[in-house]
Structure formats: structure tokens, C-alpha cells
Amino acid sequence: MHDFRLIISYHTQGQEIYWNFQNINPPNGYEIGTRFANSSGYLLTDVPYNSSFAGYKDWFIQNYNRPGYTIEAGIGENPLPISQFNDIYNDNIGILISGAIL
């Protein structure tokens, strides 16, 4: 069994970071999310209600009360064009490094 401290899920659309689930705000969840937002330039935001209950992050937060994040990378019509790859990579490498060392 794994004992993950946090999880990061990736979706595409919006350059936002969703960090909480319903009224569950895991310890240090906002602070870590703020660090991710600062390193990526993405907006840290609450999950829109109509998008709740839909993903791994929500399940993880609800079951473990630990930080979970959905990173909405890129902007445009799916599938995103490969021309966005370098920008998405550069925006997100800080998130991945920070998440790995926390």
C-alpha cells in the first residue's frame, strides 16, 4: 500500500488549479496550492460545484483528508495543439518538482 502525502491530476483547459472538495480543506492544502499557483502563474481556485464529484482529486481528499489538486493546463480547443507543449511544460515543471519534494 502507498501512503501518498498529496496527489496531482492533470486536465486541459483553463490554466487553473483546483485545490479543495466541497467543504473539505485538507491541512496545508491551500498553502501548497498557493505555492503551485505562484510557480506556474495559474489561478488557484475553488472547484465549480458542477465539476465536483468528478475526479480522483475529490475522492482522494474525501477519503484521506490530504491535499489533492487538479491542474487545468493549457487553453484552447481539445486536443490542445502540440505548439502549447513548451509553455505548458514551463508552467508546470515547478509544480511537479515542488510536489515531489513535499
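Mentor: Let us begin with a pair of strands: strand 2 and strand 4 run antiparallel and share 3 bridges. Keep in mind that this is a predicted model.

Trainee: How do you know that strand 2 and strand 4 pair?

Mentor: Two strands pair if at least two bridges are found between them. Strand 2 and strand 4 have 3 bridges, so they meet that definition. Tyrosine 18, for example, has threonine 70 of strand 4 as its bridge partner.

Trainee: What makes strand 1 and strand 3 the edge strands?

Mentor: The open sheet has 4 strands in the order 1-4-2-3, and its pairing is mixed. Strand 1 (7-12) and strand 3 (43-45) each pair on one side only, and that makes them the edges. From one strand to the next, the twist averages 25°.

Trainee: Why is asparagine 92 called buried?

Mentor: Buried means under 20% relative accessible area. Asparagine 92 has 4% relative accessibility, so the residue counts as buried. Asparagine 92 sits in helix 3, and beyond its sequence neighbours up to four places away it touches Tyr10, Tyr42, Ile71 and Ala73.

Trainee: Where does helix 3 bend, and by how much?

Mentor: The bend is about 40°, at asparagine 92.

Trainee: What is the span of helix 3, and how does the expected value compare?

Mentor: Helix 3 has 17 residues and reaches 24 Å from its first C-alpha to its last, close to the expected 24 Å.

Trainee: Which elements do the buried residues of helix 3 pack against?

Mentor: They pack against strand 1, strand 2 (16-18), helix 1 and strand 4. Those buried residues are Ile88, Asn92, Gly94, Ile95, Ser98 and Gly99. Helix 3 lies across strand 1, strand 2 and strand 4, at about 165° to strand 1.

Trainee: What makes up the largest nonpolar core?

Mentor: That core has 14 residues, and Ile17, Phe36, Tyr69 and Ile71 have the most contacts inside it. Helix 1 (29-40), strand 4 (68-73) and helix 3 (85-101) each give two or more residues to the core. Leaving out residues up to four places away in sequence, isoleucine 17 touches a list of residues that includes Phe36, Tyr69, Ile71 and Ile95. In soluble globular proteins, nonpolar side chains tend to be buried together.

Trainee: Is glutamine 84 buried or exposed, and how do you know?

Mentor: The cut-off for buried is under 20%. Glutamine 84 has 18% relative accessibility, so it counts as buried. Glutamine 84 lies in the loop between strand 4 and helix 3 and is in contact with Gly74 and Ile75, leaving aside neighbours within four places in sequence.

Trainee: What can you say about phenylalanine 21?

Mentor: Phenylalanine 21 has a relative accessible area of 4%, so it is buried. This residue is in the loop between strand 2 and helix 1. Its C-alpha atom is separated by 5.6 Å from that of aspartate 58, 37 residues apart along the chain.

Trainee: Which residues does the cis peptide bond join?

Mentor: The cis bond joins asparagine 78 and proline 79, with omega about -5°. Proline 79 is found in the loop between strand 4 and helix 3.

Terms used: Residues numbered from 1 in each chain as written. Predicted model: local features only at pLDDT ≥ 70, side-chain atom pairs only at ≥ 80, totals over all residues. Heavy atoms only, no water. Core = buried A, V, L, I, M, F, W, Y, C linked by side-chain atoms within 4.5 Å. Buried < 20%, exposed > 50% of the residue type's maximum accessible area, 1.4 Å probe, protein only. Contact = heavy atoms within 4.5 Å. Expected span 1.5 Å × (residues − 1). Bend = angle between axes of the 7 residues up to and from the residue. Axes fitted to C-alpha atoms, helices over the stretch in contact; angles between N-to-C directions.
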